[in-house]
Amino acid sequence: MKIRVKAKEKNGLVDAKLLIKHPMETGRRKDKDGNLIPAKHLTTITIDYKGETVFDAHMGTGVSKDPYLSVSFKGVKGESFEISAADNTGESAKKTVEIK
Amino acid sequence: MTISRRNFFSSLGTSAVYLAVLSSLPSIAWAKWNIKAFTAPNLDAAIKVNYGDLPIVDSLMVKLKAPSIAENGAVVPITVESKLANTKSISLFVPDNPTPLVAKFNFSENSVAKVKTRIRMGKTSEVIALVEANGKLHRAGKAVKVTIGGCGG
Amino acid sequence: MNNLKKNNFRILVLILISLGIVACQDETGSTDKIEKIGYVKSSTNSIVDIIAKAKNSLAKAAEVGFEWSSTAPLIKQAVEAENSGNSKLALELANKAIKESENSLVQAKYADEHWQDHAIN
Amino acid sequence: MNLIKKNKIYWLTNIASLLLSVSVNSQNNDEQPSNYQDAVIQDIQEFRDFYTNKFPNIDINEFKDGVYAIDEKSREQWLEIEEFAPYEISVEDGEEAFGQNFANGKSYIDCFPNVEDGIRQNYPYFDTQTNQVITVELAINQCRVVNGEVPLAFGKGKLADISGYISFSSREKTLNIKVPNEQAYESYMAGKKFFYSKRGQLNFACADCHLQIAGSMLRADILGPALGHPTGMPVYRSKWGELGTLHARYAECNKNVRAKPLELQGESYRNLEYFQTIMSQGMQVNGPSSRK
């Protein structure tokens, strides 16, 4: 699971765009031999800023492969925020991003 | 007390956690991921698990942008925005997907109630956004046609 | 719905084949110059021979780079049919495969002789 | 009308670049420019004119965006995806791989020394030593083999990621493909023949869909133009869910017309790439790109 972020501050708002490499397997797809591929999808993406959660997304299998999110929150240039993502299999990833 | 908070409580395991979270509740209670909501097989059930019996009203304050004809049902770009004060969450539903609830976005007073994302649509369907604010669900919908392709590009 | 679409597509394919392949055969008018691999009707040849012929003709189509993706599966099905004792079906499928390979050779020859007729530059 | 004029002026510079290779040749060999190079220049002109006449309202250089130069509604969705395209992760992975050392201590940088000047715009090129067309993807694997590494699969995966990084770092560079000698022209002609040859059970040539009826609907798809097509490679197709090379796309196209795909990076596809890229001479590298 790889998180890529583009974050820019403008007029006190941080515009954060996230792209997370993830297969988002629905659990309904079959492989070449006809066996079901088990579900593996993100469940939560959370943005924490200065120790507080400012945004929290919950999702199921209806989000596209390599999920993309664009959100804005109040923030200041030079500070950083943290993105956490977790999937239904217990895998997770974190990334700290400086606001530019 | 709103339904989502009731769900939130019921989804917590032990009373110890319950109390610990209660004490830090003044601003927002961040709910846990709700498997029942995301596996509910139809729209009504998905809404009910998420929000209980909150009244639903159509609202022009909910702006939903989606293509009329999706280039590819696997990647349908969606922008959803709530102009309503005190927006707690926005949920996206595709009623004709096997599990209609696509995502639920929860906001704090420090985030803007606007999200862009990309969703999957198995077939032509309406996309529905429900904004949870002031004890009601504010609804906007948009029909999106999904065609089966294969050649193009 | 899905079935309907499939059927529509099948019809489209049929139309395309009749328009395309037949048209290109008519235009060349020289199918006889291509080595006939033989459309086997009688049961004097063993099915094994016919399947071998189908494989041989497919190899010829592949050699010129014009193999159709539909042909090898026909041969595979023919072999399976033969193995399960359905010789009639095996014969039918093998002959169909031979016909396809013949057509792809016609196509290759047509491309050699006429590709510039279709070029804009 | 104005657009066409502007294109013609722009076009002059492209001719110049091809001619440059001619004049260098003629100086070296003390010969007049040969007919084949005039023929290639004329081919390019006619190819471009075809699209200009078919789509008089589209600036010809916009075809680097493929079908999205033609269809406004799809373009809107495409721009939403290009805002942060899934291939950006592949480019990052590709860049990482590109910089990593092989077991022998060398890396891709030893094979592609001028990354900062861009790489993709000079590919494919005709190698006069081995008399064959060398594509970026073939060069990547040649680089690996020379340095004792196993070659990668040519269609999708790691090699496509590296190819994606090479395109990304060559963006906005102008395609400058040369036809240095008669053998090169033969490869060019072989590619041209492939482009116009009908194949498969459905009896379609590349040109049937992506030239003659480009911009029309085929089932639920709008057919993309062949002009500018190689500029956006490799491509992240939503349908694939990953980055794939031009030859993976060729294979897919062949399958669509029920022709058995040929070998990726085999001579046929490389010649086709050579022809197709020369047709887009003078356009800007724009890859990787996202498509439906």
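# Contacts and burial in a predicted complex

Q: Which residues does A:Gly60 touch, not counting residues up to four places away in sequence?
A: In this predicted model, A:Gly60 touches A:His41 of its own chain, together with B:Phe38, B:Thr99, B:Leu101 and B:Val102 of chain B, when residues up to four places away in sequence are not counted. These pairs count as contacts because two residues are in contact if their C-beta atoms, placed from the backbone, lie within 7 Å.

Q: What decides whether A:Gly60 is called buried or exposed?
A: The cut-off for a buried residue is 20 or more other C-beta atoms within 10 Å of its own. A:Gly60 has 29 C-beta neighbours inside 10 Å, and therefore counts as buried. As for its place in the chain, A:Gly60 is in the loop between E4 and E5 of chain A, and its C-alpha lies 9.1 Å from that of A:Asn88, although the two residues are 28 apart in sequence.

Q: What makes up the contact between chain A and chain B, and which elements of chain A supply it?
A: The contact takes 23 residues from chain A and 27 residues from chain B. On the side of chain A that touches chain B, strand E3 (42-49), strand E4 (52-59) and strand E5 (68-74) of chain A each supply at least two residues. Divided by class, that side of chain A has ten nonpolar, ten polar and three charged residues.

Q: Why is H8(D) called roughly perpendicular, rather than roughly parallel, to H11(D)?
A: Helix H8 and helix H11 (residues 267-279) of chain D pack at an angle of about 90 degrees, with their axes 7 Å apart. Angles of 65 to 115 degrees count as roughly perpendicular, and so H8(D) is roughly perpendicular to H11(D).

Q: How is chain D divided into domains, and what does each domain give to the contact between them?
A: Chain D is divided into domain 1 (2-84 + 178-291) and domain 2 (87-168), and their contact takes 29 residues from domain 1 and 25 residues from domain 2. On the domain 1 side, H8, E6, H10 and H11 of chain D each supply at least two residues, and the largest share, five residues, comes from H11(D).

Q: Which residues of H10(D) are buried, and what covers them?
A: The buried residues of helix H10 (residues 246-256) of chain D are D:Leu246, D:His247, D:Ala248, D:Arg249, D:Tyr250, D:Ala251 and D:Asn254. Their cover includes helix H6 (136-146), strand E5 (235-237), strand E6 (242-244) and H11 of chain D. After H10(D) comes D:Arg258, whose phi is positive, near 60 degrees.

Q: What makes up the contact between chain D and chain C, and which element of chain D gives the most?
A: The contact takes 22 residues from chain D and 19 residues from chain C. Helix H2 (35-54), helix H8 (182-196) and helix H9 (206-212) of chain D give two or more residues to the chain D side, and H2(D) gives the most, with four residues. By class, that side of chain D has nine nonpolar, five polar and eight charged residues.

Q: What is the secondary structure of chain C, and how much of the chain is buried?
A: Chain C has four helices and zero strands, and buried residues make up 30% of its 121 residues. Chain D, for its part, has eleven helices and seven strands, and buried residues make up 50% of its 292 residues.

Q: How do you know where chain D should be read with care?
A: Chain D averages a pLDDT of 90, and 88% of its residues score at least 70. However, pLDDT stays under 50 over residues 1-6 of chain D, for which the model has two contacts beyond four places in sequence, and also over residues 22-33 of chain D, with seven such contacts. Where pLDDT is low, the predicted coordinates should not be read in detail. For the complex, the predictor gives an ipTM of 0.79 and a pTM of 0.82.

Terms used:
Residues numbered from 1 in each chain as written. Chains lettered and ligands numbered in written order. Predicted model: local features only at pLDDT ≥ 70, side-chain atom pairs only at ≥ 80, totals over all residues. Nonpolar A, V, L, I, M, F, W, Y, C, P; charged D, E, K, R; others polar. Buried ≥ 20, exposed ≤ 12 C-beta atoms within 10 Å, placed from the backbone. Axes fitted to C-alpha atoms, helices over the stretch in contact; angles between N-to-C directions. Parallel < 35°, antiparallel > 145°, perpendicular 65-115°, else oblique. pLDDT = per-residue confidence, 0-100. Domains from an automatic or database assignment.
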